[in-house]
Amino acid sequence: MTLKLATAGESHGPALVGILSGLPAGLVLERDAIDADLARRQQGYGRSPRQQLEQDRVEVLAGLRHGRTLGTPLALVVHNRDHKNWEWGMSPWRPDGDPSGKGTKPITLPRPGHADLAGALKFGHTDTRNTLERASARQTALTVAAGAVAKALLREIGIEVEGVVVTMGNIDEAKADRDTVGGIVEARARGVPPGLGSYATKDDRLDARLAAAVMGIQAVKGVEVGAGFELAGQRGSEAHDEIFKDERGIHRETNRAGGIEGGVSNGEEVVVRAAMKPLPTLMRPLRSVDLETGEPAEALVERSDVAAVEALSVVAEASVAFELARAAREKFGGDAVGDFVAAHGAYLERIPWSAR
Ligand code: EPS
């Protein structure tokens, strides 16, 4: 039993779609809670004017009846309101009539730091729009919708996940210089029982899975769990979290491991950080090459965010929630949500000595 999410959708196409399978039956979903997370992702200083065009709302086409999951695949849709301005340019079928609206002219000026050039070479695209539409961080709206569903499942067993911004470059200065900035975000999960993930193989390791989930978000270039890179410079005597036992049970007084040892959750807070690079669309463009002429040229300039670090904190929260929910489904199983909750309860009974 595991959770799976398959997605599709271009940034200016009709919609983003996702199929989430592996949920138990009977899980209560609140439309407002999913939409609230979608709205959080859209907010934040430094976002592009595109965010005023969009007002993301989830639509559910299957797998839900009267607000409860059916135990069948959940089909999620987030429409792109901006698509009405791109109907010809992003028409899935050969468009009728003369070109109109946006996206009608091929783009041949790859942006350094973006998937534009690698995507053009890999797929043989002569118009980098064919790459950038899917490489776009617009896709993270669906990640957040699925993450909100995962959070509802995790809440059933007392797990809460929260994403926050740790540091961010100076946006006003960058904007004045027609530049972009990145930053660092952190996702923290409380109430994670010991025993999610496994040390048995690299595919089971919870830290490897969380790192892959977070590294898979657009513009993320580094991930660490707990004290991460800082541990490399410390001695073992200062790096590890000593184990104590008192009336609270077995517990730690530090959490440098970020809640994971040997690829397995240890009952402490799970802490994952992500480093986001500055976004690659600069209003003062970097040097590039025109793919049509082969001549030096300036990279594409188009509407973009100056920073999306606050959005990343929401997406990282969703991605960590999804991966934890997947690990919890593997450990506790259950066709009905009550079975899942009962298995979690029985497991906690077996380990009364834990810090929980
Ligand atoms: C993005 C470019 C901008 C962002 C977009 C990601 O969109 P546009 O090209 O339409 O101006 O607003 O992010 C979103 C639309 C979103 O919902 O997060 C990019 O190139 O990655």
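Is histidine 66 buried or exposed? At 75% relative accessibility, histidine 66 counts as exposed, where exposed means over 50% relative accessible area, buried under 20%, and partly exposed in between, all with a 1.4 Å probe and protein chains only. The model here is a predicted one, so to speak of local features a pLDDT of at least 70 is needed, side-chain atom pairs count only at pLDDT 80 or more, and totals for chains, interfaces and linings use all residues. Alanine 219 is another non-glycine with a positive phi, here about 75°. That alanine sits in the loop between helix H7 (206–215) and E10, and at 16% relative accessibility alanine 219 counts as buried.

Now for the sheets. Four strands make up an open sheet in the order E1-E2-E7-E4, with antiparallel pairing; two strands pair if DSSP finds at least two bridges between them. At the edges stand strand E1 (4–8) and strand E4 (58–62), each of which pairs on one side only. From one strand to the next, the twist averages 25°. Axes are lines fitted to C-alpha atoms, for helices over the stretch in contact, and angles run from 0 to 180 degrees between N-to-C directions.

Strand E7 (residues 74–79) is joined to E4 by four bridges, and the two run antiparallel. Within this pair, valine 58 stands opposite valine 78 in E7. Strand E2 (residues 15–21) also pairs with E7 in the antiparallel sense, this time over six bridges, and valine 78 turns up again as the bridge partner of leucine 16. E7 is mostly covered, with five of its six residues buried. Helix H1 (residues 31–42) lies across E4 and E7, running at about 130° to E4.

Alanine 62 belongs to strand E4 and is partly exposed, with a relative accessible area of 33%. Leaving aside neighbours within four places in sequence, alanine 62 is in contact (heavy atoms within 4.5 Å) with Pro73, Leu74 and Ala75. Threonine 254 is another matter: alanine 62 and threonine 254 are 192 residues apart in sequence and 44 Å apart in space, C-alpha to C-alpha.

A further open sheet has four strands in the order E8-E9-E15-E10, again with antiparallel pairing. Strand E8 (160–168) and strand E10 (220–225) stand at its edges; each has a single partner strand, so one side of each is left without a neighbour in the sheet. The twist averages 20° from one strand to the next. Eight bridges hold the antiparallel pair of E8 and strand E9 (residues 183–190), and in E9 the bridge partner of valine 161 is alanine 189. Helix H9 (residues 309–332) packs on this sheet, touching E8, E9, E10 and strand E15 (270–276), and its direction makes about 145° with that of E8.

There is also a hairpin to point out. Strand E11 (residues 243–246) and strand E12 (residues 249–252) run antiparallel and are joined by four bridges. The hairpin connects E11 to E12 through two residues, and phenylalanine 244 stands opposite histidine 251 in E12.

Finally, the surface. Leu117, Leu121 and Leu291 form a nonpolar patch there, with about 280 Å² of accessible area together. Accessible areas come from the Shrake-Rupley method with a 1.4 Å probe, and for residues only the protein chains shown count as cover. Patches are made of residues with over 30% relative accessible area and no salt bridge; like charges are joined within 9 Å, and nonpolar side chains (Val, Leu, Ile, Met, Phe, Trp, Tyr) within 5 Å. A salt bridge, in turn, is a side-chain nitrogen of Lys or Arg within 4 Å of a carboxyl oxygen of Asp or Glu.

Note on methods: Residues numbered from 1 in each chain as written. Heavy atoms only, no water.
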